[in-house]
Amino acid sequence: MTTSPGTVDSTTAESGRLRTVLSAGERPARATAVSATLTHLWRAMMAFKHFPVQLIDIVLMPLIFLLMFTYLFGGAFADSTEEYLQFYLPGVTVQAVVMMTVYTGTSLNTDIHKGVFDRFRTLPFWQPATLAGSLLGDVLRYVVALATTVSLGLLLGFRPDGGFLGVLGAVLVLIVFGFSVSWIFAALGVVASEPERVSGTSMIVLYPLLFMSNIFVMPETMPGWMQAIVDANPMSHAATASRELMHGTAGFWDVGLVLCVSAGLVAVFAPLTMRLYRNKNAH
């Protein structure tokens, strides 16, 4: 099949006009690392609008634990449900935040297997923004879970001696702690074969850590070998900081230790997650 000179001339002319139109417009500036991260943060926040059912898990899970342990076990643990509430509520806030970090891995793994991240990697922006924006978006989950848990606790009779500033300080420390833990599950979300594997593995790891801590009972009631585990458990340090901040007895080391642990988790797992994600994209 041959092409006539007129057809070639027409095609060349069309190409020339197309180049003229494309070059005439002003191209938008290339996205910076900050702007790309903020865009993905906004995308993560919009997930609440399109999938509001996830708020049920975020709100109900900590509330069920608070009510169940306070009124089923509070009398056995502390001889008084009111007294146990003063001890348990600052601890259950740690549980509320840590349980939410699992969403980081599952949502990330879901996007990977749906091919969303395959589309992202073809676009000209700072690629780690997809991870950083998603993890920052999870902070909203922490805020909702903490706000509902503390609010119910106040209605049930919880009275923080540290006042508003003590509660606010505990919330901020727990948000930092939750953000650092979320990098662990982000790494798991990158390498897991399916979202269900992320949630299943996460629960196997989380529940022993949560129950072998000082969230529910004082370590002094435990055997010596378990007290050593509880004392080394990062969940225990977070619960101690939350408890003492809310009750106005926190010292520098109580808060500083949690912040140091959080910084260590981010220093280890953030680069690891970025590397795993980059290698996965390379394949």
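Q: Where does Gln95 lie?
A: Gln95 lies in helix α4. Helices here are DSSP runs of H or I with at least four residues, numbered from the N terminus.

Q: What kind of model is this, and how are residues numbered?
A: This is a predicted model, where local features need pLDDT of at least 70, side-chain atom pairs count only at pLDDT 80 or more, and totals for chains, interfaces and linings use all residues. Residues are numbered from 1 along each chain as its sequence is written, and side-chain values use heavy atoms, with hydrogens and water left out.

Q: Back to Gln95. Buried or exposed?
A: Gln95 is buried, at a relative accessible area of 3%. Buried means under 20%, exposed over 50%, and partly exposed in between (1.4 Å probe, protein chains only).

Q: Which residues does Gln95 touch?
A: Phe65, Tyr88, Leu210, Ile215 and Phe216, leaving out residues up to four places away in sequence. Contact means heavy atoms within 4.5 Å.

Q: And Asp79, buried or exposed?
A: Asp79 counts as exposed, with 72% relative accessibility. Asp79 sits in the loop between α3 (54-78) and α4. Asp79 also has a positive phi of about 65°, although it is not a glycine.

Q: OK, helix packing. At what angle do α4 and α11 cross?
A: The axes of α4 and α11 (residues 234-246) cross at roughly 130° and come within 8 Å. Axes are lines fitted to C-alpha atoms, for helices over the stretch in contact, with angles from 0 to 180 degrees between N-to-C directions. The two helices, α4 and α11, are therefore oblique to each other. Under 35 degrees counts as roughly parallel, over 145 as roughly antiparallel, 65 to 115 as roughly perpendicular, and the rest as oblique.

Q: Which residues meet there, between α4 and α11?
A: From α4, they include Phe87, Leu89 and Val94; from α11, they include Met235, Ala238 and Arg243. By class, the contact of α4 with α11 has 9 nonpolar, 3 polar and 1 charged residues. Nonpolar covers Ala, Val, Leu, Ile, Met, Phe, Trp, Tyr, Cys and Pro; charged covers Asp, Glu, Lys and Arg; the others, Gly among them, are polar.

Q: Which residues touch the most other members of the largest nonpolar core?
A: Tyr88, Val94 and Phe177, in a core of 49 residues. Such a core is a set of buried Ala, Val, Leu, Ile, Met, Phe, Trp, Tyr and Cys residues joined through side-chain atoms within 4.5 Å. The largest share of this core, 12 residues, comes from α4.
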